Amino acid sequence: MTTQTISNALSREALSDLLARCALNDHGAFERLYQHTSPQLFGLVLRIVREEQLARDVLQDGYVKIWNNAGDYRPEKGSPVTWMGSIMRNRAIDLLRRRRSNPVVAVEQDEIGAFADERALPPDLAVAGDQNRSALLACMDQLTESQKQAIGLAYYRGLTHEELAQHLDTPLGTVKSWLRRGLLKLRDCLESP
Amino acid sequence: MKYDDPELIDRIAAEYVLGTLSGPARTRFQRLVTEREDVRQAVESWNRRLDPLAEHAPAVPPPPAAWETICARIAPIPRDESDRHWLQTVAFWKRFASTASLIAVIMGIILVLPEPNSPGSAAGDYVVMMEDQLRRAIWIIDTADQVTELRVEKVAPMEMPAGMQCLLWLKEAKTGDMHVLGVLPDEGRATIPVPPKLRPKLPGTLMVSIEDAGSVNPARPGKPLDIHSSWMMPISSQI
């Protein structure tokens, strides 16, 4: 499957403008927004649901929601891509939970920790060095490998506690503890001055 | 489960955003997000913390058919009574109040206009406030009886880019089509008539765009300049 890195070709401001135009019912702006963001969002969704048809359903639902709620986007909440990504992830997770058919397949070790690897980022994104993302990556580095692995699997695969425990062959309570402590550490790190 | 403990709310919000919350607990929490301001804020905080991870996923072009399906689903966009209910929920207004801080100069508005000839749609029933990022009212608009005209009053100065003006639009409820109504006054009062041909298209919504000063009747809104600042802000007549 071919990957591309065109989703960040437009600046954050340009994407915000397109979203604002969508709120004004501008179909042309919506098409441009789709052209520039759908590869990245489809990649995200595909990573979570692991099935192309299901990913396509999520993508379609997500963009319809983006169109209908474009006026809700607020720049101070984050970049347009992260706002749209949040919509896609929620939809993907909802569908996964509903279908209960998310197989816990083998996960490559590289993928689990890849988000903390700056070298794995698309070049334009790595150069852009989004402040929030950099801060998050720095804080992720402070987590234990187990905490990082559990958070990565949950985020990118949409796994529940039980599925995580099964996949990692670890008692449920231990997995919950990894997640809880990892998230707390992340929060404290991100909010430290 | 009682959600009175802020630490508990924060923990569940983290799990919700991460995606590990499942089953009835997820459904229950999703409902709470729409009902409670503190829960919504906790979720937003965790979204802000974790969302940068979404930008890391490798890009994969979706199949072309996906776009065709999306287009078929968004046109036209029905705006029916259910929208009005959504706009008038307490949760919505709590949310509105907490997110009113914008980086730019002004906000736009959406006013759900009443049905023509509907009972109780007397003059002054429907008041719209347009506010800046400090939540100062800039314009106040109220509708005349039968919504044949809109009375607009500029009540506070507003920083506007040179050579720009604000236009008022009507967005059709059924089709989503946009029709320009007129220029919002830079000072004082103005009356903006609702053309007879547009009255049958009500109920609809009012929106504001920022345009070049010379542009009084563009085919459609959308000056990208400062569009952050012209976010559509729904204003209900029942606030």
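## Helices 9 and 10 of chain A

Helix 9 of chain A and helix 10 of chain A cross in a right-handed sense; a crossing is right-handed if the near helix is turned clockwise from the far one by less than a right angle, and left-handed if anticlockwise. This is a predicted model, in which local features need pLDDT of at least 70, side-chain atom pairs count only at pLDDT 80 or more, and totals for chains, interfaces and linings use all residues. Residues are numbered from 1 along each chain as its sequence is written, chains are lettered from A and ligands numbered from 1 in the order in which they are written, and side-chain values use heavy atoms, with hydrogens and water left out. Helices (H or I, at least four residues) and strands (E, at least two) are DSSP runs, numbered from the N terminus.

The axes of helix 9 of chain A and helix 10 of chain A come within 9 Å and cross at roughly 110 degrees. Axes here are lines fitted to C-alpha atoms, for helices over the stretch in contact, and angles run from 0 to 180 degrees between N-to-C directions. Helix 9 of chain A is therefore roughly perpendicular to helix 10 of chain A (under 35 degrees is roughly parallel, over 145 roughly antiparallel, 65 to 115 roughly perpendicular, and the rest oblique). In the contact (heavy atoms within 4.5 Å), helix 9 of chain A supplies A:His161, A:Glu162, A:Leu164, A:Ala165 and A:Leu168, while helix 10 of chain A supplies A:Leu172, A:Val175, A:Lys176, A:Trp178 and A:Leu179. By class, the residues of this contact of helix 9 of chain A with helix 10 of chain A are seven nonpolar, one polar and two charged. Ala, Val, Leu, Ile, Met, Phe, Trp, Tyr, Cys and Pro count as nonpolar, Asp, Glu, Lys and Arg as charged, and the others, Gly among them, as polar.

## What covers helix 9 of chain A

Helix 9 of chain A spans residues 161-168, and its buried residues are A:His161, A:Glu163, A:Leu164, A:Ala165 and A:Leu168. Buried means under 20% relative accessible area, exposed over 50%, and partly exposed in between (1.4 Å probe, protein chains only). The cover over these buried residues includes helix 4, helix 8 (145-157) and helix 10 of chain A, together with helix 1 of chain B. After helix 9 of chain A comes A:Asp169, with a positive phi near 50 degrees.

## Two other helix pairs in chain A

Two packed helices are described by the angle between their axes and the distance between the axes. For helix 1 (residues 12-23) and helix 2 (residues 27-49) of chain A, the axes come within 8 Å and cross at roughly 140 degrees. These two helices of chain A are therefore oblique to each other, and their crossing is left-handed. Residues of helix 1 of chain A in the contact include A:Leu15 and A:Leu18, and those of helix 2 of chain A include A:Phe30 and A:Leu33. The contact of helix 1 of chain A with helix 2 of chain A has seven nonpolar, two polar and two charged residues.

The axes of helix 3 (residues 52-69) of chain A and helix 4 of chain A come within 9 Å and cross at roughly 135 degrees. Helix 3 of chain A is therefore oblique to helix 4 of chain A, and the crossing is right-handed. Among the residues that make the contact are A:Leu59 and A:Ile66 of helix 3 of chain A and A:Trp83 and A:Leu95 of helix 4 of chain A. The contact of helix 3 of chain A with helix 4 of chain A divides into twelve nonpolar, two polar and five charged residues.

## Salt bridges

A salt bridge is a side-chain nitrogen of Lys or Arg within 4 Å of a carboxyl oxygen of Asp or Glu. Over all chains the count comes to 14. One of them joins B:Arg26 to A:Asp94, with the closest N and O atoms 2.9 Å apart. This pair crosses between chains, from helix 2 (residues 23-35) of chain B to helix 4 (residues 80-99) of chain A. B:Arg26 is buried, at 3% relative accessible area.

B:Glu7 and A:Arg187 also form a salt bridge, at 3.3 Å from N to O. B:Glu7 lies in helix 1 (residues 6-18) of chain B and A:Arg187 in helix 10 (residues 172-191) of chain A, so the pair joins two chains. B:Glu7 is partly exposed at 43% relative accessible area, whereas A:Arg187 is buried at 13%. Salt bridges with shared partners join A:Arg187, A:Asp188, B:Glu7 and B:Asp10 into one network.

## Chain B

Chain B has six helices and nine strands. Of its 239 residues, 52% are buried.
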